[in-house]
Amino acid sequence: MKIIQVDNQSGLPKYKQIVQSVELAIAEKRSLKGDRLPSVNKVSLEFSLSRDTVLLAYDELKKRGIVFAILGKGYYVKSVEFSYEQRFFVLFDELNAFKEDLYMSFLEAVNDKAQIDIFFHHFNVSMFKKLINESNGNYSKYIIMPTNLSGAAEIIKTLPHNDVYILDQTNLELADYPSVHQNFVKDIFNALEEARPRLMIYSQLILIFPGFKEPLGMVEGFTQFCHRYAFSHQVITDFDYQKIEQGSVYIIPNDRHLVQVIEQSKTLQFQLGQDFGIISYNDTPLKKVVENGITTISTDFKLMGKTTGRDGVKESKNKNRKPQSVDLA
């Protein structure tokens, strides 16, 4: 039995008729999982269509996870379940407490309107490239955290441009892509400026910045603030062999270093808020109770997830819509 039907009198675009034909054939069990679809050339010749029209239909089916392609052999039925019209490829750097908040609010905003496949690159550029290469062409939307990985922009540019959405960090190389991101320069500058009256009692500010996964904008914003308001300051890469300097405030992006500083303060019997100060990055419930509360600089990750989910779904429904980048500093 014929899998594909195209009606020249129908007002529905030809490629959508092909998509619906395949869906109907699967629903009616005329085409089963693993079955080969008619070739692009065969459909093109039979219905006097351009190859591009047929490829557009097959690519749409591929993005929705209904079919898969084998190079040189053709297209095959991948799934007989296609209740989702959209499939989102979500690539996070890592999973932690605040990224979990982001992801859960993202899922809530999507509200079962898409199938979500989440992956993690763990700041490994080879893994980043592998995951993107393997996903290319199989999803309707690619939501990616590129962090500060070297070469990430070139890898991302291999994906369909209109289907990419940047999350958490962006840069000039990715400026053409819609994004929901933090402005790390402005974040730390504004936060320190707000805290400036309380910082005046301390002799210096010290940023512990390993530089492996932390955004470089932190250093830029920190040094801009210190120069503008004439604060003595240091940027150090770790705290393994350091000793707390009395009268200093430590700005700490990495929670491992936060634990090291607090542990050493107990050994030295230093009182937080009197002998030294701490400003930690990213708020978590635990930091509200540690040492009677740790001062934090944090983005609203729940809002970030909600905004991404809402705009991602809207953009997938309207390919001509390109949402503006949203700065959640």
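Analyst: The lining of the largest cavity divides into four nonpolar, one polar and two charged residues (nonpolar is Ala, Val, Leu, Ile, Met, Phe, Trp, Tyr, Cys and Pro; charged is Asp, Glu, Lys and Arg; the others, Gly among them, are polar). The model is predicted, so local features need pLDDT of at least 70 and side-chain atom pairs pLDDT 80 or more, while totals for chains, interfaces and linings use all residues. Numbering starts from 1 along each chain as its sequence is written, and side-chain values use heavy atoms, without hydrogens and water.

User: Which residues line the largest cavity?

Analyst: Its lining is Ile-206, Ile-236, Phe-239, Gln-242, Lys-243, Glu-245 and Tyr-250. A cavity here is a set of 1 Å grid points, over the protein atoms alone, where a 1.4 Å probe fits but cannot get out; a pocket is an open set with protein on both sides within 12 Å along at least five of seven lines, and lining residues have an atom within 4 Å of a point.

User: How much space lies in the largest cavity?

Analyst: About 30 Å³, and the whole structure has one cavity of 30 Å³ or more. Volume is the space filled by probe spheres on the points, joined across faces, edges and corners.

User: And what volume does the second largest pocket have?

Analyst: Roughly 450 Å³. It is lined by 24 residues, and Ala-195, Arg-198, Ile-278, Ile-279 and Thr-295 are the closest to its centre. Helices H7 (184–194) and H8 (196–199) and strands S11 (277–281) and S12 (295–297) each give at least two lining residues (DSSP runs numbered from the N terminus: helices are H or I, at least four residues; strands are E, at least two). The lining holds 13 nonpolar, seven polar and four charged residues.

User: Changing topic: at what angle do H1 and H3 pack?

Analyst: About 45°, with the axes of H1 (residues 14–27) and H3 (residues 51–63) 8 Å apart (axes are fitted to C-alpha atoms over the stretch in contact, and angles run from 0 to 180 degrees between N-to-C directions).

User: Which residues of H1 and H3 meet?

Analyst: From H1, Lys-14, Tyr-15, Ile-18, Val-19 and Val-22; from H3, Thr-53, Val-54, Leu-56, Ala-57, Tyr-58, Glu-60 and Leu-61 (contact is heavy atoms within 4.5 Å). By class that contact has nine nonpolar, one polar and two charged residues.

User: How do H7 and H9 cross?

Analyst: At roughly 35°, with the axes of H7 and H9 (residues 217–228) coming within 7 Å. Among the contact residues are Phe-184, Ile-188 and Leu-192 of H7 and Met-218, Phe-222 and Arg-228 of H9. Eight nonpolar, three polar and three charged residues make up the contact.

User: Last one: where is Leu-272?

Analyst: In the loop between helix H10 (255–268) and S11. Beyond four places away in sequence, Leu-272 touches Gly-277, Ile-278, Glu-291, Gly-293 and Ile-294.
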